[in-house]
Amino acid sequence: MSEIKTHYRTCNICEAMCGLEIKYQGNEVISIKPDQEDPFSRGHICPKAVALQDFYHDPDRLRTPLKRTATGWEEIRWDEAFADITANIKRIQAEHGNDAVGIYLGNPNAHNFGNALFLPHFFKAVGSRNRFSSASADQLPHHVASNYMFGAGMAIPVPDIDRTDYMLIIGGNPVVSNGSMMTAAGVPGRIKDIKNRGGKVVVIDPRKTETARIASEHVFIRPEKDALFLLAMINTVISEGLAKLGHLESVVDGLNEVKQACADFPPESVAEVVGINAEKIRQLAREMASAPSAVCYSRMGASTQSFGGLCLWLTNVLNIITGNFDREGGAMFPLPALDLLQRTPKGKPSSYGRFQSRVRQLPYNNSEFPVATLAEEILTEGEGQIRAMFTIAGNPVLSAPGGDNLGKAFAQLDYMVSVDIYLNETTQHANIILPATHGLEVAHYDIFFNSFAVRNTVKFSPPLFEKTGNQMHDWQILKALASHLTGTPEDGSTPELLLEMGLQTGPYKDQGINLQKLKDNPHGIDLGPLKPCLENRIRTADGHIQLAPQIYLDDLARLKDYAASDAERRMEYPFEMIGRRLARSHNTWTQNSQRLVKGRNPCTVLINVEDAERLGITKGQTVVVRSATGHVEMEADVSEDILQGVVSIPQGWGHNRKDTRMTVAATQPGISINTLTDAGRVDPLSGNAAFNGTPVAIEAI
Ligand code: SF4
């Protein structure tokens, strides 16, 4: 029997970057516990981390390439797989052009630094403009706001949660997410610390979330009304003479335009539609403006809705005009050891808005088109139609808006390749599935999430296990695909080599941060709290913040029309649906762990107690939820924690399709919220999917 050893690494499941202490024997995991010495997560983990061993040992996980044949899936060799892919992709591109091949990236790509470093080679080899990702079903409005205001989509300000005196959280549930676009493991403790030091945390949300329960105050708001609320907050700050730019006075352009734009939105004019009385809005604005330090943090509910672009712009505006930007306790820029902004020169034209999608003319932002338009780009015939797809570590049939229709579109493709660890609702449509290795079998470095982290730290985790099956690492697959498609030999680059180059030219090179130093410090290295560093981060040509980009001012007319037509919209579908994130699941792929799905069905529709009484619905009863695109039958949960007229359904469920191979998930399938969401509902400014606010009707069976 081999000895029990200890391995330290960062959890790769979600954004929170929790440090893990893993005891193992041979290639068996014995235990997964928090790493108390990790300087970022400080001893925090969630139940999902323990399930890493389940995914590692999962018999459903693919371990050799698969080819779909008339008689079912056949295991094939890697060289056969690459030959098949090369021949078919080249055939389709020769006949229909490079853009006939689309690429979709799922969220796990952001947690795999090998992918992040080698995807550009792969993109170049495919040479298609038709790229899509989960970003446009999640956080695209954050990047769009940063692009237009600060000159770069990756210049993301995050709350200085550990020093703020006042935190206003709009549509976010960081107690469950542990911070999203605000990497902050252990949020419950950080929120309690704000309160313990005499500060205040206010949550604005249609649901009394887990975060709202431990906050100082929760205020209900109607879905998709956050932009109106933010405009009324800004109106109050300005009209009551509370605006102050502080040390940013000389570098903020556009304050007068913001003053004019918000003049039409006094709290009294929006209170009824928003569902918050005017005096409460004024009180919150005064509190935020007068706190010693304060920060507004807007997340999923504000981002994945019809006005996500406006919401994230206005969130930045509120932080800036209350004097809480690029200062301690406010919204600040992280300075990561591998700095994605470093090579972006000031004033460089960005990809944002450069093209429009073929069918619906949605904007090309962040070097991709919105995933909401993917199905129609496949299904609509004509010049530029997508006829083949690569999907890489993603399951958009369950995660994208109108997912059922996307499944039908994938089924009609001429050819499809998936890189994935599972045969799931998306990869079942592939001709070839290429199995990548598991997170414990690859080295880990958080390229993206250090850029959103509430404290500057750096950590590298070597692989825990050698791969045991016939898989390749994702980055090896990407390199091999690029090599086969271009007919050029692979070079000797590896993720570690590229990481070392990035660290040695990064902002901490003078402090000796390099790969060897990280390997010598397996718990990670603390680089200190966030510091004011606007001058270093901003990428506009003149180094100024653009407070009022025209694209946002132009979108206000749409918001006014929407507010004016509020009552009409609720005639046929009287409820507004919002999503819900659960502590024991993450996106679509963690449901194949028995320890995470066991117990009571978590995939319920949450309905307000008075609405339920009026409709004759009781807790535990099966109900039908209908939208313009489909209907589902599911269990009702009745609660006072949700606003009247709103229902909430968790995202990421619905593993109930035939011909997939996620056997544990199939025992507790739930339903897919994306049977109900409509790919036609987007925020036209950013192109992000508008999940929240989907009009639905609900009735008892
Ligand atoms: S919060 Fe996220 S990173 Fe932390 S342990 Fe859970 S899944 Fe892993």
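How many bridges join β21 to strand β25 (residues 646-650), and do the two run parallel or antiparallel? Five bridges join them, and the strands run parallel; here strands (E, at least two residues) and helices (H or I, at least four) are DSSP runs numbered from the N terminus, and two strands count as paired if DSSP finds at least two bridges between them. Within this pair, glycine 579 sits opposite isoleucine 649 of β25. The model is a predicted one, with local features needing pLDDT of at least 70 and side-chain atom pairs counting only at pLDDT 80 or more, while totals for chains, interfaces and linings use all residues. Residues are numbered from 1 along each chain as its sequence is written.

On to the other partner of β21: three bridges link it to strand β26 (residues 694-700), and this pair is antiparallel. Methionine 577 faces threonine 694 of β26. Six of the six residues of β21 (residues 575-580) are buried, so the strand is largely enclosed by the rest of the structure; buried means that 20 or more other C-beta atoms, placed from the backbone, lie within 10 Å of the residue's own. Phe575, Met577 and Gly579 point one way, and Glu576, Ile578 and Arg580 point the other. In a regular strand, side chains alternate between the two faces of the sheet.

Next comes an open sheet of four strands, ordered β11-β10-β9-β13 with parallel pairing. Its edge strands, each pairing on one side only, are β11 (217-219) and β13 (295-298). The average twist from one strand to the next is 15 degrees, with axes taken as lines fitted to C-alpha atoms (for helices, over the stretch in contact) and angles running from 0 to 180 degrees between N-to-C directions. Helix α12 (residues 278-290) packs on this sheet and touches β9, β10, β11 and β13, its direction making about 135 degrees with that of β9; contact requires C-beta atoms, placed from the backbone, within 7 Å. Strands β9 (residues 166-170) and β10 (residues 200-204) are joined by five bridges and run parallel, with leucine 168 opposite valine 202.

As for the ligand, the residues surrounding it include Cys11, Cys14, Cys18 and Cys46, along with Lys48 and Asn178; a residue qualifies if its C-beta atom, placed from the backbone, lies within 6 Å. The shell holds nine nonpolar residues, one polar and one charged, where Ala, Val, Leu, Ile, Met, Phe, Trp, Tyr, Cys and Pro count as nonpolar, Asp, Glu, Lys and Arg as charged, and the others, Gly among them, as polar.

Technical notes: Buried ≥ 20, exposed ≤ 12 C-beta atoms within 10 Å, placed from the backbone. Contact = placed C-beta atoms within 7 Å.
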